[in-house]
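The sequence and structure come first.

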Amino acid sequence: MRRADKDMAAVLKKLGDLGVKPIESRSVEEARSQPTPADAVKAVLKDQGKDPAALMAAMKVSKKDMTYPTAGGTQLVRIYTPEAAGSGPLPVIVYYHGGGWVIATVDTYEASAMALAKKANAIVASVEYRHAPENKFPAAHQDAFAAYKWVLANAGQFGGDPARVAVAGESAGGNLAANVAIMARDGNLQKPAHMLLVYPVAGTDMNTPSYIQNQNAMPLSKGAMGWFVDKTLAKPDDAKSPMLNLTTMADLKGLPSATVITDGIDPLMSEGKMLAEKLKAAGVPTTYRNYEGVTHEFFGMAPVVSDAEKAQDAAAQDLRDSFAGKPQAK
């Protein structure tokens, strides 16, 4: 709280006021039913005399629920389309929500998906996927790739351009987005136009400088990350997988251009920065941005956190440039 910007601190205080308990002290069911940072943002807006639903409606982004097939049957994919997009097929962003592969849904991260649709002038396909512990690693990764392939094959059904498809994700979803790009490369499938990786889970080392400095941070702590890993991994050796250790074990060569966003009050900050450095070293055009006075989950908080607005605007510009074929500096 002491290091957070004033607007970020207001959200954190509200999150505490809503009675949120440390995730590591909760059962899976309790963790899933707790108030979320998105709930805290809505509460702050109401304190300011603003109507969260009206603000979302004013964005003029429509939504439609569809499904895609996976090994687990079918999963939801919510299609967000900017209403003032004009004629012609739009580029598509396949977006993967966060939640440590255990909690949260497309609803939880709706603010991020809608903002990207509006600001990037693109359709956002927000993907649901199987969660742990009911479906252990790598079930979510398998679903993420299945969703990407479905979008490539079906973009025309919802006004999307299958030749311009990017991937994006926050936290665990950022890890999924990066792995989808790797799987597309390895499977000789169309590579994403761009990767937007927002405070991604990129390693399993919980003794990095940011883990040490931010071990008790809200809303994500070192203890919470340990809880997520414990619920997600099927066996201890899974922690050695290149899919989880993007910074140390994954082959990052030949991937599409990337935007990596981190925040200063976050156990994952060090591994996000390291991932950006590793991508650059592998020859991937990469833009790295860190926002110092905010915490994990800040990206979707634009109505109340100024750095979220800045991060969204910058990310959307990178996406628009990639869709337009503009080269990104390495």
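## Pocket, cavities and strands

The lining of the second largest pocket consists of Met1, Arg2, Arg3, Leu12, Gln213, Asn214, Asn216, Ala217, Met218, Ile265 and Thr295. This is a predicted model, in which local features need pLDDT of at least 70 and side-chain atom pairs count only at pLDDT 80 or more, while totals for chains, interfaces and linings use all residues. Residues are numbered from 1 along each chain as its sequence is written, and side-chain values use heavy atoms, with hydrogens and water left out.

A pocket here is an open set of points on a 1 Å grid over the protein atoms alone, with protein on both sides within 12 Å along at least five of seven lines; a cavity is a set of points where a 1.4 Å probe fits but cannot get out, and lining residues have an atom within 4 Å of a point. Grid points are joined across faces, edges and corners, and a volume is the space filled by probe spheres set on the points. The second largest pocket has a volume of about 220 Å³. Its lining divides into five nonpolar, four polar and two charged residues. In this count Ala, Val, Leu, Ile, Met, Phe, Trp, Tyr, Cys and Pro are nonpolar, Asp, Glu, Lys and Arg are charged, and the others, Gly among them, are polar.

Rolling a probe the size of a water molecule over the atoms shows where empty space is left. The structure holds two cavities of 30 Å³ or more. The largest cavity has a volume of about 70 Å³, and Trp101, Val201, Gly203, Thr204, Met225, Val229, Thr232, Leu233 and Leu244 line it. Six of these lining residues are nonpolar, three are polar and none is charged.

The second largest cavity contains about 40 Å³ of space. Its lining is made of Trp101, Arg130, His131, Ala132, Asn135, Lys136, Phe137, Pro138, Ala139, Ala140, His141 and Thr232. Helix H6 (residues 139-154) gives the most to this lining, with three residues. The lining of the second largest cavity has six nonpolar, four polar and two charged residues.

Helices (H or I, at least four residues) and strands (E, at least two) are DSSP runs, numbered from the N terminus. Two strands pair if DSSP finds at least two bridges between them. The pairings are listed below.

| Strands | Sense | Bridges |
|---|---|---|
| E1 and E2 | antiparallel | ten bridges |
| E2 and E4 | antiparallel | four bridges |
| E3 and E4 | parallel | five bridges |
| E3 and E5 | parallel | six bridges |
| E5 and E6 | parallel | four bridges |

A hairpin joins E1 to E2 through two residues. Threonine 70 lies in strand E1 (residues 61-70) and stands opposite glycine 73 in E2. Threonine 70 is buried, with a relative accessible area of 14%; buried means under 20% relative accessible area, exposed over 50%, and partly exposed in between (1.4 Å probe, protein chains only). Between threonine 70 and valine 94 there are 24 residues of sequence separation and 16 Å in space, C-alpha to C-alpha.

Strand E4 (residues 123-127) is mostly covered, with five of its five residues buried. In a regular strand the side chains alternate between the two faces of the sheet. From E4, Ile123, Ala125 and Val127 point one way and Val124 and Ser126 the other way, and all are buried. Isoleucine 93 stands opposite valine 124 in E4.

Strand E5 (residues 160-170) is also mostly covered, with eight of its eleven residues buried. Alanine 168 in E5 is the bridge partner of tyrosine 95, and valine 198 in E6 is that of glutamate 170.

Helix H7 (residues 172-186) has 15 residues that should span 21 Å at 1.5 Å a residue, and its end C-alpha atoms are 21 Å apart, which agrees. The expected span is 1.5 Å times one less than the number of residues. Of the 15 residues of H7, 13 are buried, so H7 is largely enclosed by the rest of the structure. Asparagine 188, which follows H7, has a positive phi, near 55°.
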